[in-house]
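Please keep the structure open beside the text as you read.

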Amino acid sequence: NHFAAAFYPAIIFGEKARLHNTFELIIYKTPLNIFFSGIFALSIFYLLSGYFLSYKYFRFHKEGHLIPSMIRRYLRLAIPSLISI
């Protein structure tokens, strides 16, 4: 998405952006734009992440796996986020 927005903006923004060729508008106006959609990719990421994070809990029905997993996940994501900010 970021690459397309930088170098082929009409794929993401349509006719409002600078057009390099008609191929960009074809992608923008057809379902092919799903391959360049950052929102779609993020949605798939959240879907898969939620599935795999909760798999062990729903498979074995033990809360003992849930709390430590949530704490480890939070630390794994929060520490790099804080460092980068």
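Helices here are DSSP runs (H or I, at least four residues), as strands are (E, at least two), and they are numbered from the N terminus. The model is predicted, so local features need pLDDT of at least 70 and side-chain atom pairs count only at pLDDT 80 or more, while totals for chains, interfaces and linings use all residues. Residues are numbered from 1 along each chain as its sequence is written, and side-chain values use heavy atoms, with hydrogens and water left out.

Arg18 is exposed, with a relative accessible area of 62%; the classes are buried under 20%, exposed over 50% and partly exposed in between, with a 1.4 Å probe and protein chains only.

**Rings and the nonpolar patch**

Rings of Phe, Tyr and Trp (its six-membered ring) pair if their centres lie within 6.5 Å; planes under 30 degrees apart count as stacked, over 60 as edge-to-face and the rest as tilted. The whole structure holds 5 aromatic pairs. One of them joins Tyr51 and Tyr55, with ring centres 6.0 Å apart and planes at 50°, so this pair is tilted. Tyr51 and Tyr55 are separated by about one helical turn because they are 4 residues apart in helix H4. Elsewhere, ring pairs link Phe3, Phe7 and Tyr8 into a cluster.

Tyr51 and Tyr55 also belong to a nonpolar surface patch of about 1000 Å², together with Leu32, Ile34, Phe35, Phe40, Ile44, Leu47, Leu48 and Phe52. Patches are made of residues with over 30% relative accessible area and no salt bridge, like charges being joined within 9 Å and nonpolar side chains (Val, Leu, Ile, Met, Phe, Trp, Tyr) within 5 Å. The areas come from the Shrake-Rupley method with a 1.4 Å probe, and for residues only the protein chains shown count as cover.

Here are some partly exposed residues:

| Residue | Relative accessible area |
|---|---|
| Tyr51 | 47% |
| Tyr55 | 39% |
| Ala41 | 45% |
| Asn1 | 39% |

Two of these residues also give C-alpha distances. Ala41 is found in helix H4, and Ala41 and Ser81 are 20 Å apart in space and 40 residues apart in sequence. Asn1 belongs to the segment before helix H1 (2–7), and the C-alpha atoms of Asn1 and Met70 are separated by 30 Å, with the residues 69 apart along the chain.

**The largest pocket**

Which helix gives the most to the lining of the largest pocket? H5 does, with 7 residues. H4 and helix H5 (63–84) each supply at least two residues of this lining. Among the lining residues are Phe52, Tyr57, His65, Pro68, Arg72, Arg73 and Arg76. A pocket is an open set of points on a 1 Å grid over the protein atoms alone, where a 1.4 Å probe fits, with protein on both sides within 12 Å along at least five of seven lines; lining residues have an atom within 4 Å of a point. The largest pocket holds about 200 Å³ of space, the volume being the space filled by probe spheres set on the points, which are joined across faces, edges and corners.

Conventions: A salt bridge is a side-chain nitrogen of Lys or Arg within 4 Å of a carboxyl oxygen of Asp or Glu.
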